[in-house]
Amino acid sequence: MPFLFSQAQEKVMSDVDERVLVLSEREVECLRWVENGKSSWAIGVILNVSYNTVNFHIKNAMRKLDASTRTQAVVKARRLDLI
């Protein structure tokens with residue numbers, strides 16, 4: 001039975017690996033500025049958008065990357081070559 005279980009596990013893992021993660025251009029742009037140490041307010045000034053808009057893009061990226069912090073989102077995006 002362990003052999004069958006491991007085959008089922010492999011199937012689940014291969015399904016997870018086939019997911020395609022896509023960040024929008026604005027999400028990537030915001031994460032790059034976060035990587036450079038900029039606050040949401042500063043990013044908003046740079047991109048000429050509101051603080052809330054910046055946070056919206058960052059939170060969407062965090063959700064897609066399954067990250068709980070901005071820093072974790074940047075690290076995961078960097079490891080996946082998304083930024």
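The label comes from a simple scale: buried means under 20% relative accessible area, exposed means over 50%, and partly exposed is in between (1.4 Å probe, protein chains only).

A few ground rules before we look around. Residues are numbered from 1 along each chain as its sequence is written, and side-chain values use heavy atoms, with hydrogens and water left out. Since the model is predicted, local features need pLDDT of at least 70 and side-chain atom pairs count only at pLDDT 80 or more, while totals for chains, interfaces and linings use all residues.

pLDDT is the predictor's confidence in each residue, from 0 to 100. Here the chain averages 83, with 77% of its residues at 70 or more. Helices are DSSP runs (H or I, at least four residues), numbered from the N terminus. Confidence is highest in helix α3 (residues 40-47), with a mean of 95, and lowest in helix α1 (residues 2-17), with a mean of 51. Over residues 12-17, pLDDT stays under 50, and the model shows zero contacts beyond four places in sequence for them; a contact means heavy atoms within 4.5 Å. Where pLDDT is low, the predicted coordinates should not be read in detail.

**One side of α2**

Which residues of helix α2 (residues 25-35) are buried? They are E27, V28, C30, L31 and V34. These five sit on the same side of α2, because they cover an arc of only 165° around the axis (the arc is that of the directions from the helix axis to the C-beta atoms). Their cover includes α3, α4 (51-65) and α5 (70-79). Just after α2, G37 takes a positive phi of about 90°.

H57, found in helix α4, is in contact with R26, E27 and C30, leaving aside its neighbours within four places in sequence.

In the loop between α1 and α2 you'll find L21. Its C-alpha atom is 9.7 Å from that of A77, although the two are 56 residues apart along the chain. Not counting residues up to four places away in sequence, L21 touches K64, L65, L80 and L82.

**Salt bridges**

A salt bridge here is a side-chain nitrogen of Lys or Arg within 4 Å of a carboxyl oxygen of Asp or Glu. How many are there by this rule? The count comes to three.

R26 pairs with E29, with their closest N and O atoms 3.0 Å apart. Being three residues apart in helix α2, R26 and E29 are separated by about one helical turn.

K64 pairs with E27, and here the closest N and O atoms are 2.9 Å apart.

E35 and R78 meet in a salt bridge at 2.8 Å, N to O. E35 lies in helix α2 and R78 in helix α5, so this pair ties together parts that are 43 residues apart in sequence.

| Residue | Relative accessibility | Class |
|---|---|---|
| E27 | 4% | buried |
| H57 | 15% | buried |
| E29 | 28% | partly exposed |
| R26 | 29% | partly exposed |
| K64 | 30% | partly exposed |
| L21 | 30% | partly exposed |
| E35 | 36% | partly exposed |

Methods: Helices (H or I, at least four residues) and strands (E, at least two) are DSSP runs, numbered from the N terminus.
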